[in-house]
Amino acid sequence: MRHADAPAPGELLGAHYGQCFGCGGEQPHGLHLAARAGEGLSITAEFTVRPEHQGAPGLAHGGVLATALDETLGSLNWLLRTIAVTGRLETDFVRPVPVGTTLHLAAEVTAVAGRKIYSTATGRIGAPDGPVAVRADALFIEVKVDHFIDHGREEEIQAAMNDPDQIRRARAFEVNP
Ligand SMILES: CCCCCCCCCCCCCC(=O)SCCNC(=O)CCNC(=O)[C@H](O)C(C)(C)COP(=O)(O)OP(=O)(O)OC[C@H]1O[C@@H](n2cnc3c(N)ncnc32)[C@H](O)[C@@H]1OP(=O)(O)O
């Protein structure tokens with residue numbers, strides 16, 4: 001179920017962490033992916049491929065495209081108000097994606113079973129109804145905030161804990177900072 005306090009449909013979600021390679025505004029080479037809450041348990045997002053995201057000349061690297069899918073799928077956490085990490089990500093690369101393209105992504109939760117959250121995403125070229133370039137099916141696993149504290153590097157954990165903006169974002173996930 002969509003959480004009663006989930007962001008309203010159409011609301012821009014912002015970054016869950018400023019240094020996140022997928023959505024963080026403080027990562028110069030990151031994707032700067034911008035996600036928006038949709039209806040029900042769905043999300044839309046946009047990501048424009050820049051020269052630093054190339055694999056082959058003039059084309060997006062497949063791992064970068066998988067990151068865009070992963071980040072969009074991870075943004076579904078905001079609607080469930082759950083912290084979950086990617087356990088499995090199965091990706092189909094359907095069409096090459098040239099540098100300069102804006103990829104329009106859409107993701108939705110398909111099922112939840114205990115800590116397991118199943119979801120699916122599509123990335124289309126140029127417009128929300130453009131040709132499909134990438135698809136993914138994912139399994140996210142719900143974790144406690146200890147997951148990050150136990151496994152993250154000390155200096156980034158401390159910096160996040162000293163950052164009032166990060167604490168505000170963590171509260172959006174009902175995490176006790
Ligand atoms: C300060 C915080 C701010 C907010 C942060 C927001 C973060 C958002 C980040 C978004 C960024 C973008 C997103 C990112 O990039 S997240 C970053 C990439 N992901 C990771 O780093 C995760 C690394 N993996 C792990 O830490 C553990 O393996 C996890 C936690 C996932 C599970 O280990 P844990 O010991 O906890 O659980 P379990 O092993 O008992 O498994 C539980 C259940 O799940 C099933 N299962 C598990 N794996 C798989 C698999 N591969 N295929 C199929 N099934 C799998 C398993 O069979 C079992 O099922 P069942 O037997 O119950 O039926």
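This is a predicted model: local features need pLDDT of at least 70, side-chain atom pairs count only at pLDDT 80 or more; totals for chains, interfaces and linings use all residues.
Q: Let us start with the ligand. Which residues come nearest to the ligand?
A: G74, V85, G87, R88 and I141 come nearest, out of the 22 residues around the ligand.

Q: Which of the elements gives the most?
A: Strand 3 gives the most to the shell around the ligand, contributing 4 residues.

Q: How many residues of the shell are nonpolar, polar and charged?
A: The shell around the ligand comprises 11 nonpolar residues, 6 polar residues and 5 charged residues.

Q: Changing topic to the backbone: what is phi of H32?
A: Phi of H32 is near 50 degrees, which is a positive value in a residue other than glycine.

Q: Where is H32 found?
A: H32 lies in the segment before strand 1 (34-37).

Q: Why is H32 classed as partly exposed?
A: Because H32 has 18 other C-beta atoms within 10 Å, and a residue counts as buried at 20 or more and as exposed at 12 or fewer.

Q: Now R81. What is its phi?
A: Phi of R81 is near 50 degrees, again a positive value in a residue other than glycine.

Q: Where is R81 placed?
A: R81 sits in the loop between helix 2 (77-80) and strand 3 (84-93).

Q: How many other C-beta atoms lie within 10 Å of R81?
A: There are 16 within 10 Å, so R81 is partly exposed.

Notes:
Residues are numbered from 1 along each chain as its sequence is written. Helices (H or I, at least four residues) and strands (E, at least two) are DSSP runs, numbered from the N terminus. A residue is near a molecule or strand if its C-beta atom, placed from the backbone, lies within 6 Å of it. Ala, Val, Leu, Ile, Met, Phe, Trp, Tyr, Cys and Pro count as nonpolar, Asp, Glu, Lys and Arg as charged, and the others, Gly among them, as polar.
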